[in-house]
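Reader: I'm new to this, so please take one part of this protein and walk me through it slowly. I'd like to look at the charged side chains that pair up, and then at what surrounds them.

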Amino acid sequence: MAGGLQGALGCEEAADREPRPAPGRWGLVIGVAGLVRRGGEGLLGTAWRAGARMVVVADRLAPVRSLRMEEELRRAGARFGWLDLEDARAAEARVRRALDEPGTVLLALARCVRGGARERPLAVVEPLCNRCGSCLTLACPALRDDGASTRVDAGACTGCGRCAPLCRSRALVVAGPV
């Protein structure tokens, strides 16, 4: 999904970051804190004016916070739906449907992998990587594209593996020990 999402999830989100997609990107990812802090109308108005076709409100918080997200979006009159992060194919299909309906907000909750038990980090097998950018749509702080290749920062990678199903070329593999 080239030209995809730009942003960060809630536990990495900077408080002073203005919510807008980067040039050439079609969507914006923001955390629950950003949605609640700015309010649904303020966040969505800014995103749509900046050219976003879709906003993903993603966070790594307990599902009980989902009621607050839905409340903010209803108050803003937004059309929204949920992403099942455990099923990469279904999530991708949902994103594709949302792109056919500009102005859609997708909600996604996942447990926070930071501060938990660390697994073996992942690494990129460079000959297999076609630099499609699908893994980067997670806005994971461990994944980087330095302009020449995609890399995993082993020190930042928790080994959660959420990026691996997004890689159709199977270039993301478990690396050495923690």
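Author: Let's start with the term you'll need: a salt bridge is a side-chain nitrogen of Lys or Arg within 4 Å of a carboxyl oxygen of Asp or Glu. Side chains of opposite charge can pair when their charged atoms come close. Two quick notes before we dig in. The model is predicted, with local features needing pLDDT of at least 70 and side-chain atom pairs counting only at pLDDT 80 or more, while totals for chains, interfaces and linings use all residues. Residues are numbered from 1 along each chain as its sequence is written, and side-chain values use heavy atoms, leaving out hydrogens and water.

The structure has 9 salt bridges. Take R75: its side chain meets that of E71 in a salt bridge, at 3.1 Å from N to O. The R75 side chain also meets that of E72, again 3.1 Å from N to O. Helices (H or I, at least four residues) and strands (E, at least two) are DSSP runs numbered from the N terminus.

Now, who is hidden? Buried means under 20% relative accessible area, exposed means over 50%, and partly exposed is in between (1.4 Å probe, protein chains only). On that scale E72 is buried, at 8%, whereas E71 is partly exposed, at 41%.

Another salt bridge joins E101 and R79, whose closest N and O atoms are 3.5 Å apart. This one links distant parts of the chain: E101 is in the loop between α4 (88-99) and β5, R79 is in strand β4 (residues 79-82), and the two are 22 residues apart. Both ends are partly exposed, with E101 at 39% and R79 at 41%.

A nonpolar core is a set of buried Ala, Val, Leu, Ile, Met, Phe, Trp, Tyr and Cys residues joined through side-chain atoms within 4.5 Å. The largest one here has 16 residues, and M69, L73, V55, V57 and V105 have the most contacts inside it. Elements that each supply at least two of its residues include α3 (66-75), β3 (54-59) and β5 (104-109). A contact means heavy atoms within 4.5 Å. Leaving aside residues up to four places away in sequence, L73 touches L35, L44, A78, F80, V105 and L107.

Let's zoom out. The chain has 4 helices and 9 strands, and of its 178 residues, 42% are buried. Among contacts with a separation of 6 or more, 67% are between residues 24 or more positions apart.

What about cysteines? A disulfide is a pair of cysteine sulfur atoms within 2.5 Å, and the count comes to 0. The sulfur of C135 is too far for a bond, because the closest cysteine sulfur, in C129, is 6.5 Å away. C157 is in no disulfide either, the nearest cysteine sulfur, in C163, being 6.3 Å away. C157 is buried at 8%, and C135 is buried too, at 11%.
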